[in-house]
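Me: I am new to this structure and would like a close look at a single part of it. Please give me the background of the whole first, then the detail.

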Amino acid sequence: MSQQFIHDNFLLRTDIAERLFHEVASDLPIIDYHNHLDPLDLAENRQYGNITSLWVSKDPYKHRAMRLNGIPEQRISGLTDDRTKFLAWASTVPKTMGNPLFHWSCMEMSKIFGIDEILTSENANRIWEICNEKLHSDGFSSLELLKKWNVELLCTSDDLLNDLSVHEKANENLYGIRIIPSLRADSIIAVDQPSFYKWFEKLITRTSGDIQKLDDYKDLIIQRLDDFAKNDCRLSDHSLDAGFDFQPNDEKTATVLFKKVLERRNLNTNEFFQLKSHLLEFLGQEYGKRNWIMQLHIGAQRYTSSRLRKIVGATGGYAGIGKACDIDNLCLFLDHLEQKNVLPRTILYTLNPADNAAFATLTGSYAEDGIRGKIQFGPAWWYNDHYDGIREQLNILASYGLLSTTIGMTTDSRSILSFSRHDYYRRILCNLIGEWVIQEKLPNDFSLLKNIVESISYKNIKSWINTKDHDS
């Protein structure tokens, strides 16, 4: 009989790694500061109808893999029944070997459902029945699933217009777990997108406001930012895709450009960049004033297949890696905020691994008295959150910055089962440190090593999220 694939010491190759994981990392609570869970599911303590609705339907990682495996789109995102979609995913799982999806899928089946065999076409019908039976029993609602992962705090991604009362309702039921909103602010600066005008009208309706000029627009945004703050929001998030060009400009120029937008007059590409830059800088200042954390996700190539965009929408799993970040533009943006003394604590994520060293060095470029790790090189993101990508991010940060100040992993996912990524990250972290000890790159001092694992896995982000003033 073959050895169980997911076991207690999975990915832990040394005695010190095993000890660090089992005695330190494994039992630490999870703080997930960036995910795309639906807060309504949590507010209603959703009971999932079947394993597809929990595990497959909303996961673009899986959808992408199934397309690569030649599965027809109808069986991925179409109106096909959930069992057929699950069988399509089951036929794909063995083909994902070498991809993090293989590890995550095996870990999730083992941790949540106690299934220690690899999902395949041959056992898919039986596993479908086992999982669905458990999902209809006690202990498998959205709240109970979060408890299984030992979640302490999670931050959902919410548009400026979202109803935040859902979070209040969720927190009434999430005993021992806290859910707070974070602002996904892309809509605010998307003045170059056709969807902006529909969103803009909703803003006016949502706030009962009137927008005749740029200052009116900013006033309504500030009003909603204050609403987010009242609901304990502590983070914002922007997707700065490949090609973003930061062009600082004054209020007068931006006012003229925004008037053109209101009048639905055409702006050229350079004018759009100018207006978007002005709005981004305005938002950065507001975040700094509120002591929020600003997250910048950089480098996605989201415009690939027009066909798939029409079929599955903007987040359907068909995006690619964009060109490397224009570091000049990024630094110009951060520097403008710093010169005004409003640069917020910032997390930089890159989708292009060519940016890794550059982003790691920027963690030391905007240091401020009394603030530990003000600029963070965020965890390996999206196409980088595989085994080698996580190790590379840790190695590069250790080489160019202070690994001990980093803020651990986040799921960036739409599935509750994706909290497996925290376990995955912690195992890789402990194993890497164990290797460094064996290679005599670190001392075999358990107290010292315990402190760094605790800090990276939990304490650093807990301090960052909970701080009201700059910590020292």
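Reply: Of the 472 residues in the protein, 58% are buried, where buried means under 20% relative accessible area, exposed over 50% and partly exposed in between, with a 1.4 Å probe and protein chains only. The model is predicted, so local features need pLDDT of at least 70 and side-chain atom pairs count only at pLDDT 80 or more, while totals for chains, interfaces and linings use all residues. Residues are numbered from 1 along each chain as its sequence is written, and side-chain values use heavy atoms, leaving out hydrogens and water.

The C-alpha trace spans about 75 × 55 × 40 Å along its principal axes. The protein has 20 helices and nine strands; these are DSSP runs numbered from the N terminus, with at least four residues (H or I) for a helix and at least two (E) for a strand. Among contacts with a separation of 6 or more, 78% join residues 24 or more positions apart, a contact being heavy atoms within 4.5 Å.

Axes are lines fitted to C-alpha atoms, for helices over the stretch in contact, and angles run from 0 to 180 degrees between N-to-C directions.

From H18, the residues in the contact are Tyr387, Ile390, Arg391, Leu394, Asn395 and Ala398. H19 brings Tyr424, Tyr425, Ile428, Leu429, Asn431, Leu432, Glu435 and Trp436. Ten of the residues in this contact are nonpolar, two polar and two charged. Here Ala, Val, Leu, Ile, Met, Phe, Trp, Tyr, Cys and Pro count as nonpolar, Asp, Glu, Lys and Arg as charged, and the others, Gly among them, as polar.

Another pair can be set beside this one. Helix H13 (residues 251-262) and helix H14 (residues 269-290) have axes that come within 9 Å and cross at roughly 115°. H13 and H14 are therefore roughly perpendicular to each other, and H13 passes H14 in a left-handed crossing. The residues of that contact divide into five nonpolar, three polar and three charged.

Notes. Angles under 35 degrees count as roughly parallel, over 145 as roughly antiparallel, 65 to 115 as roughly perpendicular and the rest as oblique. A crossing is left-handed if the near helix is turned anticlockwise from the far one by less than a right angle, and right-handed if clockwise.
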